Amino acid sequence: MVEEFEREVYPLHIFLMITGALLTLNTVLLSMVSNGHLGTVLPAIMGVPLIIMGALKSHIFPWFTTPIGRWVKAAIILIYAVMVVFFGIMGAILSSSASKKAEYNKDVLIVLGCAVRGNKVSLTLKYRLDAALEYLEHSPDTHVIVSGGKGDDESISEAQAMRDYLLSHGVDESRITMEDKSASTWENFKFSKEIMDKRFPGASVAFVTTAFHVYRAGRVAIMQDIYAEAYAAKDVWYSAPNNYMRESLAVTLYKIQGLLI
């Protein structure tokens, strides 16, 4: 009887172990090259229980046939099913928001900052700046605001790092304004708007951020009375799934709290 049961669950136990190991490995590898955040650890949160269930199959799987065990099994299946559907739907929403790029020749282009490594831009920030360079090349009269403060683990502000990068790639200094006080997307737009109200009243606006971030950033901009079109930068391929999962949770939480339209 036991041998027959083990033969029935063997493929499932292997599937759980492999899936759990891949999810956990994702967290371990990404932790080596990026800042720790919920998107980084979430795959491990999902993966470790799968590894445990697969490794302890001879104890857990028979228990799942008991009255209480059946309820627990159903709850586990429901939780994972809801997560798959939730992240799938939110991923589609976030991706679709980045599909249309802003028209060229807006008066102002706001580039949203992110992590700086020492005094160098991170790969994610490099992609944002490369998108900004592409936009500016097609928009010779557009002024750019680079927006981002200095984190505790950063040698210089994100704005300074972005300015240095743009200058090194041929953008004229007169076209660049730094906003180096912000510590969030909300503050990126808040402080950039203060600059625009003083120097570029009534300006048409586009903004650059990474594709996964366009949905939330665009709505934050509207809440700051900035009606801007997005010019999305590409995602870093190995961290994109994590970023989309984190962003899905962030958007949902902000919506529940009434912090996002």
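## A parallel strand pair

Strands β1 (residues 108-112) and β4 (residues 143-147) run parallel to each other and are joined over 5 bridges. Within this pair, I110 has I145 of β4 as its bridge partner. This is a predicted model. Sheet strands in general pair through backbone hydrogen bonds, in either a parallel or an antiparallel sense.

## The sheet around it

The pair belongs to an open sheet of 5 strands. The order is β5-β4-β1-β6-β7, and the pairing is parallel. The edges are taken by β5 (176-179) and β7 (228-233). Each has a single partner strand, so one side of each lacks a neighbour in the sheet. On average, neighbouring strands are turned by 25° against each other, direction ignored.

## Helices on the sheet

Helix α6 (residues 158-168) lies across β1, β4 and β5. The helix runs at about 165° to β5. Helix α7 also packs on the sheet, where it touches β1, β4, β5 and β6 (205-210). The direction of α7 makes about 130° with that of β5.

## The largest pocket

The largest pocket has a volume of about 1,000 Å³. Its lining counts 42 residues. Which of them are closest to the centre? They are G113, C114, A115, R128 and R246.

Several helices contribute to the lining. At least two residues each come from α5 (123-138), α7 (185-199), α8 (214-223) and α9 (240-256). The largest share is that of α9, with 5 residues.

## Overall shape

The protein's secondary structure comes to 9 helices and 7 strands. Its radius of gyration is 23 Å. A compact globule of 261 residues would have a value near 18 Å. Along the principal axes, the C-alpha atoms fill a box of roughly 80 × 35 × 30 Å.

Note on methods: Residues are numbered from 1 along each chain as its sequence is written. This is a predicted model: local features need pLDDT of at least 70, side-chain atom pairs count only at pLDDT 80 or more; totals for chains, interfaces and linings use all residues. Side-chain values use heavy atoms; hydrogens and water are left out. On a 1 Å grid over the protein atoms alone, a cavity is a set of points where a 1.4 Å probe fits but cannot get out, and a pocket is an open set with protein on both sides within 12 Å along at least five of seven lines; lining residues have an atom within 4 Å of a point. Grid points are joined across faces, edges and corners, and a volume is the space filled by probe spheres set on the points. Helices (H or I, at least four residues) and strands (E, at least two) are DSSP runs, numbered from the N terminus. Two strands pair if DSSP finds at least two bridges between them. Axes are lines fitted to C-alpha atoms, for helices over the stretch in contact, and angles run from 0 to 180 degrees between N-to-C directions. Contact means heavy atoms within 4.5 Å. The radius of gyration is taken over C-alpha atoms; the globule rule is 2.2 Å times the number of residues to the power 0.38.
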